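My plan is to go through it piece by piece and jot down what I looked up.

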Amino acid sequence: MSTRSTNRSGIVMRRRVTPAGDIIVTLLTPQGKIKAIARGGVRGPQASHLNLFHHVGVQLYQTPQNDLATVKQSILEGALPHLCEPERHPYAHLLSELADALFQEGEFSEQAFDLYAGALRGVSHHADPEWVALVMSYKLLSLAGFAPRTRQCARCGTADPAYPDPLGGQLLCGACSNQPPHPAERLEFLREVPRRSVRASMDAPLPPEQRPGVWRALERFVTVQIGQVQSWRALVGSPAISSAVGEAALV
Ligand SMILES: [Zn+2]
């Protein structure tokens, strides 16, 4: 019987404990996304290492009989304790779930790792974690090849659309939309965020009252293009977002 051992360093983006006390984790590493199992993990030292958003080093064994690699050893390489705070945790969760949906196992992407790690650091440290989450969600989407169409109406193709697309989260022309146009600042953000540097977008935050419209567009776009991202529900605690998600649900 042949076994293969590898060492990897990555961030726990998903974690589940089975009834048998095993911990199943999904890690995003610079070498790609990995799913692995720590057998009996909840009763050992791995329980505290393999926590959500922790940066861990793991030794993995892959045996031919098992689809899942086994975590033999783990060490904690870094943690972002502020992500436990109630005003930050939902955003870290959302970004993790989005990154998990966007990047596939076996896909080598150092850029995806760097962007996701940077997003978590930003949510952890920045005074405006909501803005970090909005900017980084769009950056993760565009890295994965999902940039909303913003140069032509998503329905008829007319140039320079400026109206919300309540179903698809892209942009519509005035003739195709039954909603008021986006305010100029929000329109500029939606058009430019995929190409702009993170820093440039972070330096030009939208005022809070314009953000629900961005969340709405993002929620629609992600749902249509990628599928349901469950943690939108966890974000309902924030008044701005609960109204954004609530209104989106009514459309
Ligand atoms: Zn149109």
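This is a predicted model: local features need pLDDT of at least 70, side-chain atom pairs count only at pLDDT 80 or more; totals for chains, interfaces and linings use all residues.

Residues are numbered from 1 along each chain as its sequence is written.

Entry: Next I checked the contacts (C-beta atoms, placed from the backbone, within 7 Å). I found 13 residues of domain 1 in contact with 18 residues of domain 2. On the domain 1 side, strands E1 (4-17), E2 (23-29) and E3 each supply at least two of the touching residues. E3 gives the most, with 4 residues. I also sorted that side by type: 6 nonpolar, 4 polar and 3 charged. For the sorting, Ala, Val, Leu, Ile, Met, Phe, Trp, Tyr, Cys and Pro count as nonpolar, Asp, Glu, Lys and Arg as charged, and the others, Gly among them, as polar.

**Entry: the annotation.** An unreviewed UniProt entry puts "domain: DNA replication/recombination mediator RecO N-terminal" on residues 5-75. I note that such annotations may be inferred rather than shown by experiment. Over residues 5-75 I read 6% helix and 59% strand, with the end C-alpha atoms 16 Å apart. Helices (H or I, at least four residues) and strands (E, at least two) are DSSP runs, numbered from the N terminus.

**Entry: strands.** Which strands pair with E5? I call two strands paired if DSSP finds at least two bridges between them. E3 (residues 32-38) runs parallel to E5 (residues 69-78), joined by 2 bridges. One detail I wrote down is that Ala36 has Ala69 in E5 as its bridge partner. E4 (residues 55-62) pairs with E5 in the antiparallel sense over 7 bridges, and Gln59 stands opposite Gln73 in E5. E4 and E5 make a hairpin, with 6 residues between them.

**Entry: helix H4.** I tested the length of H4 (residues 129-143): its 15 residues at 1.5 Å a residue should span 21 Å, and the end C-alpha atoms are 21 Å apart, so the two agree. The expected span is 1.5 Å times one less than the number of residues. Is H4 mostly covered or uncovered? Mostly covered, as 13 of its 15 residues are buried (20 or more other C-beta atoms within 10 Å of a residue's own, C-beta atoms being placed from the backbone). Just after H4, I spotted Gly145 with a positive phi of about 90 degrees.

Technical notes. Two residues are in contact if their C-beta atoms, placed from the backbone, lie within 7 Å. A residue is buried if 20 or more other C-beta atoms lie within 10 Å of its own, exposed if 12 or fewer, and partly exposed in between; C-beta atoms are placed from the backbone.
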